[in-house]
Structure formats: C-alpha cells, structure tokens
Amino acid sequence: SNILCDATMKYTMKLPGWVLHTWCLAQLPLLRNAEPIDLERDDDDDKNNNSDESKQQSLPLVIYSHGLFGNYVTYTYQPLCLAAAGYVVLMLDHGDGSAPVVQKRDGSFLFHDEHCAKLSRDGKHLEHIRARRSQTKQRISELLSATQSLLNLNETNIPQLQSLGVSFVNKLDVENGVTFMGHSFGGATALSAAAQRPDLVRAVVAHEPACDWMTDDGRKALFPDKKCVDSEISYSGGTGGYEEDDTKSDDDAEEKKGQYERRMSSSSLLNRSKLHDVDMLFLYSDQWAAKGWGSTKQIEDLHKRGELGPKEEGGSASDYGVIADATHIEFSDCSMLTPTWIGRASGNCGKRSPHDTAQEIASRTILFLENVKEVQGKRKQE
C-alpha cells in the first residue's frame with residue numbers, strides 16, 4: 001500500500017513516498033487462500049505399505065524472517081518459489097521496529113524504530129551493534145513462537161483458516177523439523193534461533209546473514225572454538241567481542257555454568273556446537289563477499305575445512321556460495337520492483353537482470369533443501 005511506500009522512503013532514502021507508488025501496481029501470480037495440495041509419495045518410498053494414509057506425502061515447513069527495512073510484503077519472491085516447489089512457508093512480520101511499517105491485528109500500524117539507526121549515524125558503532133543484537137532476541141522469540149503455532153496446525157485447525165475452508169491438519173511434515181530461513185537481519189535471526197532450538201530445526205537457509213547482529217550465544221554456536229582452532233582466520237566474537245566473557249577463569253566458568261543450567265533446558269548454551277548438527281546454506285552476493293561482510297571469510301573457511309554443518313557418516317548437505325554480479329538488496333523483491341536503470345544507478349542491482357539473480361538464488365536454495373532431504377534420508381537408513 002501507499003503506507004508501506006511512504007514509510008520505506010521516509011526511513012531509508014528520505015524521499016517522498018510517491019517515488020515508490022509504482023510498487024502498488026505489482027501483482028503476484030498466486031491463488032490466495034488456496035487449499036494445500038495432497039502430494040503422493042514415490043513408489044520407492046512406500047514399498048512395504050500400501051495404505052492410502054502412507055501414500056500421502058507431508059509438506060515440508062519453512063519459516064521466513066525478513067531483513068532490515070523490509071517486511072513480508074517486500075520478501076515474496078523467494079518464499080513463493082519455495083511454495084511453488086511444495087513447501088509450506090510462513091512469512092513473518094517482525095515487531096522489533098526493524099520493518100518500515102507493520103500492521104497490527106487491531107488495524108493500527110507499528111512504524112520503524114529509528115533508535116538504532118540514530119546510534120549508527122552518531123558514530124556509536126558498538127552501541128548500534130549491541131542494540132541490533134537486542135532486537136535479534138525479540139526476533140528469535142517471535143520466530144520460535146510462530147514455529148510452534150505452525151507445528152500445532154498439523155493437529156488442530158484455527159478459526160481463521162477454517163472460515164476460509166483451509167486446513168493443514170495431518171498434512172505437515174512435523175517429524176523432520178522446520179527450516180529456518182532469512183535474509184540479512186533475517187539470516188542472523190534464523191541462525192540465532194536455530195542455535196537456541198536446534199531440536200526444532202531441519203535446516204537453516206541464511207541469505208547473506210548479518211552475522212555480527214546474531215546473539216552472543218548464536219555467534220558462539222556458529223564459531224565454536226573447537227571448529228576454529230585449526231583455522232588461519234581468527235574470530236573473536238565480532239564487534240566488541242562477547243558481552244559475557246566465559247573464559248576468565250575456572251571459577252568463573254563454573255559459576256556461569258550454574259547460571260546457564262538454571263535457564264531454559266532447551267538452550268544451546270550448554271552445548272554451543274549443536275548448531276552444527278543442522279545442515280546450513282550460506283549464500284552471499286559478490287558485493288558482500290568482496291568486502292568480507294557477513295563473516296563471509298569465516299564461513300567460507302569453515303566450509304573449505306569441512307567444519308560447516310554435521311560431520312556424520314551420512315554426509316552433510318551444508319554449503320557456501322556466492323552469487324556473481326549480485327548486490328545485497330537483490331535477495332529481496334526491491335530490485336525487481338524498481339526500474340532497472342534506477343537500480344543500477346543507485347547500486348541496488350548488478351549488470352544482469354535482477355529477475356535472473358532472484359531465480360538463481362531460488363534455484364540454489366531449492367537444490368540445497370532437496371539435498372538436505374536426500375542426505376537426511378541416508379542418515380536415517382544408517
């Protein structure tokens with residue numbers, strides 16, 4: 001709507017909202033409130049069971065977290081490509097103030113919180129990063145709450161869906177967990193949430209994650225000492241290090257261990273390496289890779305040394321990749337919604353069509369998720 005266009009321009013480029021009003025003309029090739037399809041299992045998957053129930057394939061689940069200055073409206077292409085491939089995708093609108101505007105249930109609007117941006121403009125870099133990490137904690141809470149609600153739909157329908165004639169009861173793949181996915185701030189959110197609740201997660205898709213904005217526990221889980229000890233690339237916790245130093249002394253370590261054990265039993269604090277029990281995909285633009293943003297060098301190093309993701313006999317589907325001639329914003333819809341000549345002039349898209357870039361991102365993401373399915377199937381057989 002015009003409200004989104006106005007808020008986006010106000011909090012980003014400081015230009016009149018009508019500059020983006022052409023966005024309101026965009027249409028998506030989808031059917032609203034469609035009934036979930038019933039997928040049939042392959043014959044090889046069902047050799048020993050011929051019942052009708054066994055032949056119905058459950059739908060894999062994805063939770064998508066948007067980036068800074070975005071919301072679910074400006075992140076439709078990647079989730080819809082997954083939906084077209086047979087995935088059920090729940091797209092979040094975060095209420096942490098990172099979106100330009102979010103509409104609440106009561107119809108009112110929550111607008112962007114400029115506090116963090118002001119810290120950055122004022123040159124308070126460390127304070128800005130720590131404020132973003134605080135926002136990540138709220139985002140994690142929202143993502144995990146949404147995950148549980150999505151899993152519950154496999155058992156019980158809700159009135160809002162029932163009134164539309166839509167039901168996911170007994171159609172969702174709850175057994176194999178949920179894929180946490182996101183771009184930029186959303187990538188940091190997905191990784192941090194997976195570090196906190198790896199027991200819920202099937203895989204993580206991190207599109208150009210802002211790793212420095214991950215929580216302390218998330219960064220410790222992604223870059224644990226035992227996986228970095230043989231690396232020539234150091235990692236000391238990112239900007240400002242860790243706010244809680246758990247390496248001071250044995251006494252301090254024991255005291256902190258006691259504090260950790262009194263917290264949530266599902267927390268990854270007691271076993272930080274658990275995040276690497278999850279298959280993970282890291283995709284970056286060559287714009288960020290060239291500048292080393294998003295911990296690209298550390299992630300690439302983990303991947304090259306075989307330290308990214310699970311180390312099991314069944315293998316790992318975890319992967320790292322760079323999209324050539326791409327920019328950070330091309331992981332969202334914005335480059336496709338903006339006239340290409342403006343996008344190139346402003347540095348928001350590369351030399352090729354942003355639609356081609358988006359399609360490559362989607363194709364590599366779906367290929368990864370199919371590899372996850374295959375590899376995890378082999379692990380179960382072993």
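Tutor: Let's start with what packs over a helix. The buried residues of H12 have a cover that includes H8, helix H9 (225–228), strand S9 (279–285), H11 and strand S10 (319–323). Helices (H or I, at least four residues) and strands (E, at least two) are DSSP runs, numbered from the N terminus. One caution: this is a predicted model, where local features need pLDDT of at least 70 and side-chain atom pairs count only at pLDDT 80 or more, while totals for chains, interfaces and linings use all residues. Residues are numbered from 1 along each chain as its sequence is written, and side-chain values use heavy atoms, with hydrogens and water left out.

Student: Which residues of H12 are buried?

Tutor: Buried means under 20% relative accessible area, exposed means over 50%, and partly exposed is in between, with a 1.4 Å probe and protein chains only. In H12, Thr296, Gln298, Ile299, Asp301 and Leu302 are buried.

Student: What happens at phi around the ends of H12?

Tutor: The general idea is that most residues other than glycine have a negative phi. Ser295 sits in the loop between helix H11 (286–291) and helix H12 (296–304), and its phi is near 55°, positive although Ser295 isn't a glycine. Ser295 counts as buried because its relative accessible area is 12%. After H12 comes Gly306, with a positive phi near 70°.

Student: Where is Glu208, and what is its phi?

Tutor: Glu208 lies in the loop between strand S8 (201–207) and helix H8 (216–222). Its phi is near 45°, another positive value in a residue other than glycine. Glu208 counts as buried because its relative accessibility is 0%.

Student: How do I read two helices that cross?

Tutor: Look at their axes, which are lines fitted to C-alpha atoms, for helices over the stretch in contact; angles run from 0 to 180 degrees between N-to-C directions. The axes of H5 and helix H7 (residues 185–196) come within 9 Å and cross at roughly 65°. For handedness, a crossing is left-handed if the near helix is turned anticlockwise from the far one by less than a right angle, and right-handed if clockwise. H5 passes H7 in a right-handed crossing.

Student: Which residues meet there?

Tutor: Contact means heavy atoms within 4.5 Å. Arg132, Gln135, Thr136, Arg139, Ile140, Leu143 and Leu144 come from H5, and their partners in H7 include Phe185, Gly186, Thr189 and Ala193. Sorted by type, the residues of this contact of H5 with H7 are seven nonpolar, six polar and two charged. Here Ala, Val, Leu, Ile, Met, Phe, Trp, Tyr, Cys and Pro count as nonpolar, Asp, Glu, Lys and Arg as charged, and the others, Gly among them, as polar.

Student: Is Arg139 buried or exposed?

Tutor: Arg139 counts as buried because its relative accessibility is 0%. It lies in helix H5 (residues 125–152). Its side chain makes a polar contact with the side chain of Ser98, at 2.9 Å. A polar contact is a pair of N or O atoms within 3.5 Å; within protein, one must be able to donate a hydrogen and the other to accept it, and residues adjacent in sequence count only if both atoms are side-chain atoms. Leaving aside neighbours within four places in sequence, the contacts of Arg139 include Ser65, His66, His94 and Asp96.

Student: What about strands?

Tutor: Take Thr179 in strand S7 (residues 178–183). Thr179 counts as buried because its relative accessibility is 3%. For contrast, Met91 in strand S4 (residues 88–91) counts as partly exposed because its relative accessibility is 24%.

Student: How confident is the prediction?

Tutor: pLDDT is the predictor's confidence in each residue, from 0 to 100. The protein averages 84, and 81% of the residues score at least 70. Confidence is highest in strand S3 (residues 61–65), at 98, and lowest in helix H10 (residues 250–261), at a mean of 44. Over residues 247–273 the pLDDT is below 50, and this stretch has 24 contacts beyond near neighbours in sequence.
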